Amino acid sequence: MIELLQTSENDFDSKDDLVEISRIYQVQFFENPDEEDIRKTKWLLKNFRTFKNLKESYEDAQKRKRSDGLDDFDLTGMGGAVKRLSTNDLISNIPENVMIAREMRQTNYKIYKFVVEAIIHASNNIANIHEHKIVQLLFVGDKEVKYKDAVKYMRNGYSETLYSIEATTFAEKRRRVIASLANTLLFNGTLDYITIDYGRGRNHEGEIGLRTTNSRDG
């Protein structure tokens, strides 16, 4: 289990958000709305930049290790014994918890990578130009944009295709595109990596986090 991340409420999270997105979900995809799937999708979108940064940080660290020759190990034996292949060093004993931590980092990285790439792919395939721009501004673009600033941006309009829209239209399109992304991420299995923990000590809404599943190898 990866650590649970706390998500603060944002100004675009109205109390009826789940209800409204569920309504769109049901009308658009002819399925029974699942509020948990929508909650998981919203949580993924809100944490997308964090997961992307963790993924890229891990990849950068691995590149630097390879360039320095620090990752050129042959893991052998019990209890975490390792042998460096590029030198004549004797086999060194590394504590088992270090080995476990290393394996967990690799496992977590694979999950971050899968989730990030799935969200990028789903976002890039949004057909509606306004909905596509809303997702870029609020969730997956390189620069985080606050809800009120995104509304102001979309009010301006920048071309014949990206014409201006008002705040109410913005809110509806945001809900519609989250519903669409929820459908995609549910269908391609991305939401299998998300869990809502209702265990002891959690509030009645539960806490959302990433998890590993036995059904996937990553």
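Modeller: Phe114 lies in helix H4; helices (H or I, at least four residues) and strands (E, at least two) are DSSP runs, numbered from the N terminus. At 28% relative accessibility, Phe114 counts as partly exposed, where buried means under 20% relative accessible area, exposed over 50%, and partly exposed in between (1.4 Å probe, protein chains only). Phe114 and Lys55 are 59 residues apart along the chain, and their C-alpha atoms are separated by 9.7 Å. The model is predicted, so local features need pLDDT of at least 70 and side-chain atom pairs count only at pLDDT 80 or more, while totals for chains, interfaces and linings use all residues. Residues are numbered from 1 along each chain as its sequence is written, and side-chain values use heavy atoms, with hydrogens and water left out.

A nonpolar core is a set of buried Ala, Val, Leu, Ile, Met, Phe, Trp, Tyr and Cys residues joined through side-chain atoms within 4.5 Å. This core has 40 residues, and Val115 and Ile119 are among those with the most contacts inside it. Contact here means heavy atoms within 4.5 Å. Leaving aside neighbours within four places in sequence, Ile119 is in contact with Leu44, Leu45, Phe48, Val140 and Leu185. In soluble globular proteins, nonpolar side chains tend to be buried together.

The buried residues of H5 are His130, Glu131, Ile134, Val135, Leu137, Leu138, Phe139 and Val140. At the start of H5, a side-chain oxygen of Asn128 comes within 3.0 Å of the backbone nitrogen of His130.

The axes of H5 and H7 come within 9 Å and cross at roughly 85°; axes are lines fitted to C-alpha atoms, for helices over the stretch in contact, and angles run from 0 to 180 degrees between N-to-C directions. H5 and H7 are therefore roughly perpendicular to each other, a label given to angles of 65 to 115 degrees, while those under 35 count as roughly parallel, those over 145 as roughly antiparallel and the rest as oblique. On the H5 side, His130, Glu131, Ile134, Val135, Leu138 and Phe139 meet residues of H7, among them Phe170, Val177 and Leu181.

Val177, in helix H7, has 0% relative accessibility and so counts as buried. Not counting residues up to four places away in sequence, Val177 touches Ile126, Glu131 and Val135. Val177 and Glu131 are 46 residues apart along the chain, with 5.9 Å between their C-alpha atoms.

Ala167 also has its place in helix H7, but at 28% relative accessibility Ala167 counts as partly exposed. With residues up to four places away left out, Ala167 touches Val151 and Arg155. From Ala167 to Lys152 the C-alpha distance is 8.2 Å, across 15 residues of sequence.

As for the whole protein, there are seven helices and five strands. Buried residues make up 38% of its 218 residues. Among contacts between residues at least 6 apart in sequence, 61% join residues at least 24 apart.

Conventions:
A polar contact is a pair of N or O atoms within 3.5 Å; within protein, one must be able to donate a hydrogen and the other to accept it, and residues adjacent in sequence count only if both atoms are side-chain atoms.
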